[in-house]
Amino acid sequence: TAEYLSSIAQSEEHLQALRELDPKSLMGVPLMAHGRLLGALLFIRRSTPTPYQPNDLHLAEDLAIPAALAVHNATLYWTAQRATEARDQMLGIVAHDLRNPLHSILMQAELLKNGQSDERRSRRLEKIESAVRRMDRLIQDLLDVTRLDAGQFSLDAALTTPEQVIL
């Protein structure tokens with residue numbers, strides 16, 4: 001009825017579209033996959049005033065099963081694509097961040113090859129050591145992210161001084 005269409009319409013545009021369809025009978029079945037409601041499949045009969053029958057409902061329910069699985073699989077595929085893109089982006093950032101200390105190490109090692117005073121040699125070795133620590137920290141962070149994604153990340157609580165955190 002016109003009253004029923006008005007009661008289910010979500011907006012004036014939606015009501016207009018429903019009126020243009022001129023439905024004679026409606027039937028909706030849930031799209032369920034793995035115990036989750038994904039949506040609904042709506043059947044609209046326009047040509048005949050005969051309402052849907054129980055056999056029609058059984059057919060609609062049978063159609064809803066593969067439709068729900070298709071929607072579920074499409075959602076999983078979309079999620080996997082986004083995760084792959086995020087992983088690739090993160091790997092690009094990590095590769096870039098690892099190159100900086102690596103280049104510093106190479107540069108300092110080249111300079112060490114030239115005969116220099118012990119003081120300058122000591123400073124260069126400290127810079128190499130610092131760059132190696134930075135790379136190690138970046139690699140550890142990457143491994144932590146991997147463990148976090150796998151659900152295997154754990155924290156060890158310990159008292160730490162501000163100096164230890166900074167170094």
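A: **Packing of α3**

Helix α3 passes helix α4 in a left-handed crossing, a label used when the near helix is turned anticlockwise from the far one by less than a right angle, clockwise being right-handed. This is a predicted model, in which local features need pLDDT of at least 70 and side-chain atom pairs count only at pLDDT 80 or more, while totals for chains, interfaces and linings use all residues. Residues are numbered from 1 along each chain as its sequence is written, and side-chain values use heavy atoms, with hydrogens and water left out. Helices (H or I, at least four residues) and strands (E, at least two) are DSSP runs, numbered from the N terminus.

Helix α3 covers residues 54-113 and α4 covers residues 118-149; their axes come within 9 Å and cross at roughly 165°. Axes here are lines fitted to C-alpha atoms, for helices over the stretch in contact, and angles run from 0 to 180 degrees between N-to-C directions. The angle therefore makes α3 roughly antiparallel to α4; under 35 degrees counts as roughly parallel, over 145 as roughly antiparallel, 65 to 115 as roughly perpendicular, and the rest as oblique. Sorted by class, the contact between α3 and α4 has 18 nonpolar, 3 polar and 5 charged residues. Ala, Val, Leu, Ile, Met, Phe, Trp, Tyr, Cys and Pro count as nonpolar, Asp, Glu, Lys and Arg as charged, and the others, Gly among them, as polar.

Q108 is a residue of helix α3. With a relative accessible area of 4%, Q108 is buried (buried means under 20% relative accessible area, exposed over 50%, and partly exposed in between, with a 1.4 Å probe and protein chains only). Not counting residues up to four places away in sequence, Q108 touches R124, K127 and I128, where contact means heavy atoms within 4.5 Å. A86 is also found in α3, but this residue is partly exposed, at 42% relative accessibility.

Next comes the nonpolar core, a set of buried Ala, Val, Leu, Ile, Met, Phe, Trp, Tyr and Cys residues joined through side-chain atoms within 4.5 Å. The largest one has 8 residues: M27, V29, L31, A33, Y52, A60, A64 and A68. Strand β1 (25-33) and helix α3 are the elements that give two or more residues to this core, and β1 supplies the largest share, 4 residues. Leaving aside neighbours within four places in sequence, A64 is in contact with V29, P30, L31 and L41. Apart from this core lies another, of 7 residues, including V94, L112, I128 and A131. In soluble globular proteins, nonpolar side chains tend to be buried together.

D22 sits in the loop between α2 (12-21) and β1, and H34 in the loop between β1 and β2 (36-45). Phi of D22 is near 50°, a positive value in a residue other than glycine; phi of H34 is near 55°, again positive in a residue other than glycine. D22 is partly exposed at 40% relative accessibility, whereas H34 is exposed at 65%. D22 and A2 are 20 residues apart in sequence and 9.4 Å apart in space, C-alpha to C-alpha. A2 belongs to helix α1 (residues 2-8) and is partly exposed, with a relative accessible area of 48%.
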